[in-house]
Amino acid sequence: MRTIALPRQNIKFTYDTDIKDSLLNILIAQQIFIESPCGGRSSCGKCKIKHLGGDLPPLSVDEEKRLTQKEIEEGIRLACLIYPNTDLEIDIIDQEENHPVLTGGYVPEYQRNPAIWKKPIEITKPTLTDQTPYEVLFEKALDISHLPWDVLRQISMGEGTYTGVFNQDQLIGLEKGDTSELLYGVAVDIGTTTVVTSLINLKTGEEIDSEAAINAQKNFGQDVLTRITYVLDHGKKGRNQLQTAIVDSLNEMIQTMCERQKLSSSLIYEVAIAANCTMMHMVLGVDPLSIGKSPYAPIFVEEKDISAKEIGLTALSSFGRVYCLPAVSSYIGADIVAGAYVAKLHDRKDKVLFIDIGTNGEIVLSNGGKLVSCSCAAGPALEGMNISSGMRAADGAIEEVHFHTEKGFILKVIGDKTPVGLCGSGILAAIRELLKHNFITVRGNIVKPEDLEGGDPRLSYIDLDGKKRRICIGEGPTKILITQGDVRQVQLAKSAILSGFVALVNAMDLTFADLDEVIVAGQFGAHLPVESLVGTGILPKAVKDRITYIGNSSKTGAYLALMSLESRQEMATLAKAFDYLELSVTKGYERLFVECSQFN
Amino acid sequence: MDATPLMKINRNNLEGKVKDMAKSKEELLQQLSDCVFEMEDENAADAAKEYIDAGYEALDGVLKGLVDGMNRAGQMYEEEEYFVTDLLVCSDAMYNGLEVLRPHLPLDQDADAVNYKCVIGVVEGDTHDIGKNLVRIMLETAGFEMYDLGRDVSLISFVEKAKEVDAQLICLSTLMTTTMPGMKEVVEMLEKEGLKDKVKVMIGGGPISQAYCDQINADGYAVNAIGAVTLAKELVGMA
């Protein structure tokens, strides 16, 4: 009789070597199921296991054929082709296809293999004849060579049941009793404006709860550059203030979710963070100054795996971890790497453009898996800022507008309240309608009443302020007006994004017609209908029927980093595969910007 | 980056010789002005050629034709009728016309003519230069001899260039709050060199304000390219 151990699942069983059966069948006999669509006929190559210890026969021809070089190097084997006859230690790789969908976006398939895992153990009391120290008893039971000092101090040791908490192969904590079923993590997207957290059951991959809030750093400046300038002006103190602001928010948000779910926050062991490069520097308390100046080199871009305590994140286990996703550059942050990964840009054989629309628009173009990216300074207009009647997407904000020749402007107002102003999607919808019904020319000018014939339905909506023309789209406590200046703000944002779009397509020697899909990402982008995106010319009309939405792919990327070490690895690899195009120094960019400013 | 002036015009020699032709001089000047104003950048060179072929003074063509059109465009910009990008197209038209007229401009310089020289650039750490380009164009149109140092310009270069060409004005631009302190440094350098009274400093760009201008002791702030012209003239005492 020999044994097979699956340490991560804490399973150990004996098997009879005389039966001479395949590992796949031996596992099935133990009710351990791994994916095997071909039923063990060695034709599908799906029944992958990871070889951790013990002797296995050499690689078969079929395995060589079905496994990649990388998999072979990692010790991946196919269970149906192995006929074991020694003690073995293996790991099974989950390949479930139907994971629950995370609210707020599409989640791709992934290999479930969280970095954090638990192993319950039994400790029996030492005797007078065997005075083995507890340290050694725990080391043996946990199958580790050394019990770390900080873990040793965590609890009083004695006989009974304990659970070891691991971060990959490192023991990070010990808990009394068998807590192996209780394992939670938090996926976080830190946007410049909004922060979103999701409470995840690491055992099942299920999203249990989520919480969104305005980034508390807004008190130090609305956009990334102003906040960097705050640090510039206030030095180390400013850096600490910005870090505290965001970390406190995260603590509060996690606490809120835990209270709602009646879950002890000590059962959360990891927080995975995706964010733009500046936010990532700030949450870790790293100097962001170099991001804000040419040549725009950040301090760090690589993934980080650190103790949560180190940054003041306390609403989780005392030995909890923080994992930060990798970035590419100052302007292509971990949020975009996450998005590109979730959209599987690296795997696509066709031509796909990924765009995250916000104060900064980031665009990634994948030409058969070759990635080139750029960042465009769109400004805050698309989010309803710098607009005369602009407001946040709250009650009273107009979010959709339609113009009807007889009925006039028909408004959709959040909360069905009296309209107060326009939020980002509302201002875009308004401009779209104004263009469609020729209130605004292709050059962005509001038509002059003297150029219209008497009885033209447009006349009654044009409001004059001295010589300046404005369009009145509705009335709440005051008139809701679209000014020429508002049109210019949207025009600037649209020129910035569209010119980035065109510059990337040009850089790859492609045309709009070549693009197979245009993926719109981000919380904000999700609220912008195709009609508005194309109708205002933020995206070219030629791609209208190929636009899809992926939701908050930044948070989804953080979720994948929690749930799958393979996804982490792939994101780190992906981050290194990006090319970056700096628009402001691209030849002919000014001319392109001019061309892209036209509303046609 | 072109640091030599594109347009070197002797403003004290505006007299043109009147000739009788099919299209009057006024009509041709109007045509030049309209090409710029109406953003017909592709027709500007032809209009300039027609004007020169008719035998009229190149200098008038520049000042009463092209520059007039640019000034009209600037006026429209101020009235919000023209967009930034419209002005850029107008300036393309102006430069297309200028290329044709330039070889015909008188080379002799009047000894008494005052040349107002201005050094312009985007301060170190910033690479956004559309706004700066617009100010350069409008100042050039207004008759300044412009020395454009480009973008992401090391701060000392502004002072050195101003000393080298004996400029009366330095224009500093930035779009980013992070690079604003560079403007203060330029002012301080000038003070240290004892040039503060001789060389005026004008600042502009998205995050700049009059308050900031006062705070760093710069000589003036303009909200846009048109305002910059009025202010620049005032600072150097140009009539």
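How many helices and strands does the secondary structure of chain B come to? Before counting, I note that this is a predicted model. For chain B I find nine helices and five strands, and reading from the N terminus their order is α-α-α-α-β-α-β-α-β-α-β-α-β-α. I also looked up burial, and 51% of the 239 residues in chain B are buried. Taking the contacts in chain B between residues at least 6 apart in sequence, I see that 77% of them join residues at least 24 apart.

Entry on the domains of chain B. The domain assignment gives domain 1 (25–104) and domain 2 (117–236), and the C-alpha centres of the two are 26 Å apart. Where they meet, ten residues of domain 1 of chain B are in contact with five residues of domain 2 of chain B. On the domain 1 side, helix 3 (58–78) and helix 4 (84–101) of chain B each supply at least two residues, and the largest share, six residues, comes from helix 3 of chain B. I sorted the residues of this side by type and got six nonpolar, three polar and one charged.

Entry on the meeting of the two chains. The contact takes 24 residues from chain A and 19 residues from chain B. In chain A, the elements that give two or more residues to the side touching chain B are helix 6 (224–261), helix 10 (484–507) and helix 14 (589–596). The residues on this side of chain A divide into six nonpolar, twelve polar and six charged.

Entry on confidence in chain A. The average pLDDT of chain A is 90, and 96% of the residues score at least 70. Over residues 95–103 of chain A, however, pLDDT stays under 50, and the model has 18 contacts beyond four places in sequence for this stretch. I keep in mind that where pLDDT is low, the predicted coordinates should not be read in detail.

Entry on a hairpin in chain A. Strand 7 (residues 160–167) and strand 8 of chain A run antiparallel and are joined by six bridges, and within this pairing F166(A) has L171(A) as its bridge partner. Two residues lie between the strands of the hairpin, where Q168(A) takes a positive phi near 55 degrees.

Entry on a sheet in chain A. Six strands form an open sheet in the order 25-24-15-16-17-26, with mixed pairing. Strand 25 (547–551) and strand 26 (578–580) of chain A are at the edges with a single partner strand each, so one side of each has no neighbour in the sheet. From one strand to the next the twist averages 25 degrees. Strand 16 (residues 360–367) and strand 17 (residues 370–377) of chain A pair in the antiparallel sense over eight bridges, and the bridge partner of S366(A) in strand 17 is L371(A). Helix 8 of chain A packs on the sheet, and its direction makes about 140 degrees with that of strand 15 of chain A.

Last entry, on one residue. D335(A) lies in helix 8 (residues 334–342) of chain A. Is D335(A) buried or exposed? D335(A) counts as buried, because it has 32 C-beta neighbours inside 10 Å, where 20 or more is the cut-off. Leaving aside neighbours within four places in sequence, its contacts include D189(A) and S554(A).

Notes:
Residues are numbered from 1 along each chain as its sequence is written. Chains are lettered from A and ligands numbered from 1 in the order in which they are written. This is a predicted model: local features need pLDDT of at least 70, side-chain atom pairs count only at pLDDT 80 or more; totals for chains, interfaces and linings use all residues. Two strands pair if DSSP finds at least two bridges between them. Helices (H or I, at least four residues) and strands (E, at least two) are DSSP runs, numbered from the N terminus. Two residues are in contact if their C-beta atoms, placed from the backbone, lie within 7 Å. Ala, Val, Leu, Ile, Met, Phe, Trp, Tyr, Cys and Pro count as nonpolar, Asp, Glu, Lys and Arg as charged, and the others, Gly among them, as polar. Domain bounds come from an automatic or database domain assignment. A residue is buried if 20 or more other C-beta atoms lie within 10 Å of its own, exposed if 12 or fewer, and partly exposed in between; C-beta atoms are placed from the backbone. pLDDT is the predictor's confidence in each residue, from 0 to 100. Axes are lines fitted to C-alpha atoms, for helices over the stretch in contact, and angles run from 0 to 180 degrees between N-to-C directions.
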